[in-house]
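The sequence and coordinates come next.

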Amino acid sequence: MKRRPRRSLPAVLVALVVLAGCVLAAAVAVQTIIGEKPWISYDAVASALHDTRWSDPIPAIAGGVVALIGLLLLVSAIVPGRPTVLPLEGGTDTGASRRSYRSTLRTAASTVDGVSAAKLKVKRRGIVSVVTTGRTNTAGLADAVRAAIEHRLAQIGPATVPAVRVRVKATRSAS
């Protein structure tokens, strides 16, 4: 199970542009029906478009911009995003949310003796943990944190076991 994020931002942007166009067309239509001067004159738009030639740079630029926007929307719909549910071993419907996965592994890293704080990122190819310690001698701490995270990963049972990288930041210097 690899549930992907919804593509809500491109959909909202397209919906807002279409809504704005519809509101503008409806307002102009209502103004024309009640006999007021419309915001956008149909005759002025039609004459401006009629006077424009295909060899002018404006149609080429407008066409390029519209094609680029369409290509960006198409790419944003096709390219998969980061999975929101990471697959686990077992059935096809087993998975853990990225958020719970990260918090469980962060808890495992922060329970190691000597770690005062732990930050953890779940990336596509691995897990990166940055731990902070108050110790002046940090020898072996990175290995202990890596072992704790790998032990917790073995308990969770992900479908693919990611590589674990640990970086230790000491708040005190060893001078």
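## Strand pairing around β4

Strand β3 (residues 115–122) and β4 run antiparallel and are joined by 7 bridges. Two strands count as paired if DSSP finds at least two bridges between them. Strands (E, at least two residues) and helices (H or I, at least four residues) are DSSP runs, numbered from the N terminus. The model is predicted: local features need pLDDT of at least 70, side-chain atom pairs count only at pLDDT 80 or more, and totals for chains, interfaces and linings use all residues. Residues are numbered from 1 along each chain as its sequence is written, and side-chain values use heavy atoms, with hydrogens and water left out.

A hairpin of 3 residues links β3 to β4. Within this pair, A117 stands opposite T132 in β4. On β5 (residues 163–170), the sense is parallel: β4 and β5 pair over 8 bridges. There, G126 stands opposite A163 in β5.

How much of β4 is covered? Strand β4 (residues 126–133) has 8 of its 8 residues buried. Buried means under 20% relative accessible area, exposed means over 50%, and partly exposed lies in between (1.4 Å probe, protein chains only). G126, V128, V130 and T132 point one way from β4. I127, S129, V131 and T133 point the other way. Both sets are buried.

S129 gives a close view of this strand. S129 lies in β4 and is buried, with a relative accessible area of 0%. Leaving out residues up to four places away in sequence, S129 touches A109, K119, L120, V145, I149, R165, V166 and R167. Contact means heavy atoms within 4.5 Å.

## The chain as a whole

The protein has 5 helices and 5 strands. Along the sequence, the pattern is α-α-α-β-β-α-β-β-α-β. The radius of gyration is 28 Å, well over the 16 Å that the globule rule gives for 175 residues, so the protein is more spread out than a compact globule. That radius is taken over C-alpha atoms, and the rule is 2.2 Å times the number of residues to the power 0.38. Along its principal axes, the C-alpha trace spans about 80 × 50 × 35 Å.

Buried residues make up 22% of the 175 residues. Of the contacts with a separation of 6 or more, 57% involve residues 24 or more positions apart.

The accessible surface comes to about 12,600 Å². Carbon and sulfur atoms hold 62% of that surface. Areas come from the Shrake-Rupley method with a 1.4 Å probe; for residues, only the protein chains shown count as cover.

What about charge? The protein carries 24 positive and 9 negative charges, and their mean positions are 13 Å apart. Lys and Arg count as positive and Asp and Glu as negative; His and the chain ends are not counted. Each charge is placed at NZ of Lys, CZ of Arg, CG of Asp or CD of Glu.

## Pairs across the sequence

| Pair | Apart in sequence | C-alpha distance |
|---|---|---|
| A159 and P87 | 72 residues | 5.7 Å |
| V161 and G126 | 35 residues | 8.3 Å |
| V122 and V164 | 42 residues | 9.5 Å |
| V79 and T136 | 57 residues | 46 Å |

Where do these residues sit? A159 is in the loop between α5 (141–156) and β5. At 44% relative accessibility, A159 counts as partly exposed.

V161 is found in the loop between α5 and β5. V161 is exposed, with a relative accessible area of 64%.

V122 lies in strand β3. At 12% relative accessibility, V122 counts as buried. Leaving aside neighbours within four places in sequence, V122 is in contact with L86, R98, Y101 and R102.

V79 sits in the loop between α3 (57–78) and β1 (85–87). Its relative accessible area is 44%, so V79 is partly exposed.
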